[in-house]
Amino acid sequence: MNTSIKTTTSFWVISVIALLWNLMGVGAYLGQALMTDEMKKMIPEDQLTILENTPIWATAAFAIAVWFGVLGAVLLLFRKKIAKMVFLISLLGVLVQLIYNIFMTNAIEAFGVSSIIQPLLTVSISVFLVWFANNNIEKGILK
């Protein structure tokens, strides 16, 4: 017997918001990676020092977090259960980046409170997306 599981409107809304959120992350990553000298002149020196001295592994973690986040959101929209694994990889990138930014730099001094709020929000959303994908696998929505 082949039963069809109805996908709720909230599933689609959350999936689209997940895609938009992760696309904003890609925008932030590309903005940082493709920063011109003119753009650098507008950044306070202490912040620029942090950005320019970011090790390749931390930049790679940023790239993994955002690109896998976008891929996970697209997979949600296609109702593929591999979205959970892709979101887990994205979460790992987020956590590595968080550890670097909070514990290995003076980002809090240079960027202020937002240097903690934004990463914690990002971690929360990343954890939620892993849970959301898993929950929809259990419901049979993701196959």
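This is a predicted model: local features need pLDDT of at least 70, side-chain atom pairs count only at pLDDT 80 or more; totals for chains, interfaces and linings use all residues.
## The second largest pocket

A volume is the space filled by probe spheres set on the points, which are joined across faces, edges and corners.

Its lining residues (those with an atom within 4 Å of a point) include Tyr 29, Lys 40, Glu 52 and Phe 62. H1, H3 and H4 each give two or more residues to this lining, and the largest share, three residues, comes from H1; helices here are DSSP runs (H or I, at least four residues), numbered from the N terminus. By class, the lining has five nonpolar, three polar and two charged residues, with Asp, Glu, Lys and Arg counted as charged, Ala, Val, Leu, Ile, Met, Phe, Trp, Tyr, Cys and Pro as nonpolar, and the others, Gly among them, as polar.

## The largest pocket

The largest pocket has a volume of about 850 Å³, and of the 34 residues that line it, Phe 62, Gln 97, Asn 101, Gln 118 and Pro 119 are the closest to its centre. H7 (114–138) is among the helices that supply at least two residues of this lining, and H7 gives the most, with eight residues. The lining divides into 19 nonpolar and 15 polar residues, with no charged ones.

## Notes on the model

Residues are numbered from 1 along each chain as its sequence is written, and side-chain values use heavy atoms, with hydrogens and water left out. Local features need pLDDT of at least 70, and side-chain atom pairs count only at pLDDT 80 or more, whereas totals for chains, interfaces and linings use all residues.

Definitions and conventions
On a 1 Å grid over the protein atoms alone, a cavity is a set of points where a 1.4 Å probe fits but cannot get out, and a pocket is an open set with protein on both sides within 12 Å along at least five of seven lines; lining residues have an atom within 4 Å of a point.
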